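Have the sequence and the model open as you read.

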Amino acid sequence: MKKNLKILISLLISTSLVMGLLFVGVVYEKRVKAATYNLVWSDEFDGDSLDTNNWNYEVNGKGGGNQEHQYYTDRKENVEVSDGTLKIHALQENYKGKLYTSGRINTLEKQSFKYGKIEARMKLPRFQGAWPAFWMMGSNYKSTGWPRCGEIDIMEAINNNDEIHANLHWSNGNSQADTSGMAYEADDRTQWHTYGFEWTENHMKFYVDDKIFQSYRIDMSKDMEEFRRPQFIILNLAIGGRWPGHTIDDSAFPDKSTMEVDYVRAYERTDNPTTYVGPTKTVHQDAVAEYSDNWVSTVNKEKLKTEEKFELLGEAKDGFVADYSSIGKVSKESVWNAKVSLKGLDLYPNSTYKLGCTITCDKDKRIYVRVIDEDGLELHSQFIDVKANEPYVYSSDVDVIDDINGKPDLEFGFAKVNGEAIDDNASINVKVENISLVTDTSIPDPTTAVETITTINPDPSDVETSDVTNQSSENKVAKPAKVKIKKIYKKKKSAKSIKLVLKKAKNATKYEVAVYKTKKKASKNKGALVKKTFKKVKVKIISKKLKNKKKLFVRARGINTVNEYKKYGAWSSIKQVKAKSTRIR
């Protein structure tokens, strides 16, 4: 992921390094910046049973609120961990009044996340009636209910096709609100693919195998506040229901009715924009007037049988005339079957622009206007209803977020869309002129080099929360310092328990301890035999999984929980213990 930034806070590292803070100089220039992430949690499903420190089983036949046909159980027949993967098996069987059983697990009150990147590598079943899903709901679900908690559908698929869906559901006042994104055609969903999304306070971008296919702004309304709070993860395989329908292909059971998960991982973003505190200057810009190229017309000849005449009126700001013999009929993405666009506008991040133009059409017509970045994130979108032969003077604000990807496009869509009275396949002649995209915004003064103080990935053990500026409330939860293991005691008569003494870590309210079979697994935080959370530094782990292990590897980390927010500290160094050893190696 690359970000086009107008403002570069260039790092001219001085010789002074105090408490994790660097003194830097400021230079104004352009650059492309790649987002970086740090793994903060994962379940690699390397054991032989579900890790209940991470997951809860849901056991019920309520139909998920969607008239689904399955009964969710906690049986190994439905939820199995083996050979390095989680397997959710849907079975055709009479069980407590239902004709099918399946599995649904969640991390409610065990693992919650806010912002960063969440992903899972999965194989999905594909048959009539199948409904596998990888999704999230607000951690306040028990107190607020749905949809006030918010729902993030990272991946949903139904029936016998390869379409992948990603949508949001939330509470708009007292009613339900939903997105309606376009489906993504995966390459055989029964094979391994990685499904995930990137999440900031401004937007969400959903991807399959690193291909972003859907983006949503979540900063456009206070009603979307649900998506700026922690969420927990859900994995399930439903059978039938309102969306896939109530026809089930029973021949798919049991050979084709398994959802398999290789891993689920959560990352935090580590390249947050640097806080600038130096001198600024105000600049005036009309991004269209300074544009060096011109408008481009694009017609989807497969979907739209039309003859097109396209004429430029001069420079980009002067506009264009487009004449279509047919605008088609309503279909998926129909508005963009005939579009005109400026490709790659040079916009200032974190700025508000005023978009203006005059539109004249020879028919009553609904026209779509948008500004969109390279990941498909709509920075601005609006339908305009134009009356025949009456010039429409358009003016609207465009908010450009601080982490746009690349240089955005300005687009006008002219094909037929829902809600307009114009006949199918009608002809139109449309003129768009006097186009501007103007801002007066502040940028770092490029003529002044000053020393400023900013945080550059400081060690959390060295920096207090107050040292970090310009953070939202959840970021003000201090990260715990790195934990140290002082002592490890293991009973000589039993290989089923381990006693640890940790050194108290700054900002830690709890401690997570993980035990591994090999040092390699410990170094990768992968496939823990046991992983448990404790409130005290003196801990005892009791588990049958520790039996008959000649040597084990242990590490720990701190957790700081404040209200609904949670942050993890760095893992301790790995300590080895033999079955009869009372000392650390």
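## Aromatic rings and an open sheet

Trp295, Phe310, Phe320, Tyr324, Phe412 and Phe414 make up one aromatic cluster. Rings of Phe, Tyr and Trp (its six-membered ring) pair if their centres lie within 6.5 Å, with planes under 30 degrees apart counted as stacked, over 60 as edge-to-face and the rest as tilted. This is a predicted model, in which local features need pLDDT of at least 70 and side-chain atom pairs count only at pLDDT 80 or more, while totals for chains, interfaces and linings use all residues. Residues are numbered from 1 along each chain as its sequence is written, and side-chain values use heavy atoms, with hydrogens and water left out.

The whole structure holds 22 aromatic pairs. One of them joins Phe320 and Phe412 edge-to-face, at 6.1 Å centre to centre and 65° between the planes. Phe320 belongs to strand E27 (residues 319–324) and Phe412 to strand E33, so this pair ties together parts that are 92 residues apart in sequence. Strands (E, at least two residues) are DSSP runs, numbered from the N terminus. Buried means under 20% relative accessible area (1.4 Å probe, protein chains only); Phe320 is buried at 0%, and Phe412 is buried at 0%.

Phe412 also brings us to the sheet: it is the bridge partner of Val369. Strands E30 (residues 365–372) and E33 (residues 409–413) pair antiparallel over five bridges; two strands pair if DSSP finds at least two bridges between them. The open sheet has five strands in the order E25-E28-E33-E30-E31, with antiparallel pairing. E25 (296–299) and E31 (378–386) are at the edges with a single partner strand each, so one side of each lacks a neighbour in the sheet.

Finally, here are two charges over rings (NZ of Lys or CZ of Arg within 6 Å of the ring centre and within 35 degrees of the ring normal).

| Charged residue | Ring | Distance to ring centre |
|---|---|---|
| Arg265 | Tyr263 | 3.6 Å |
| Arg366 | Phe383 | 5.8 Å |

Definitions and conventions. Helices (H or I, at least four residues) and strands (E, at least two) are DSSP runs, numbered from the N terminus. Buried means under 20% relative accessible area, exposed over 50%, partly exposed in between (1.4 Å probe, protein chains only).
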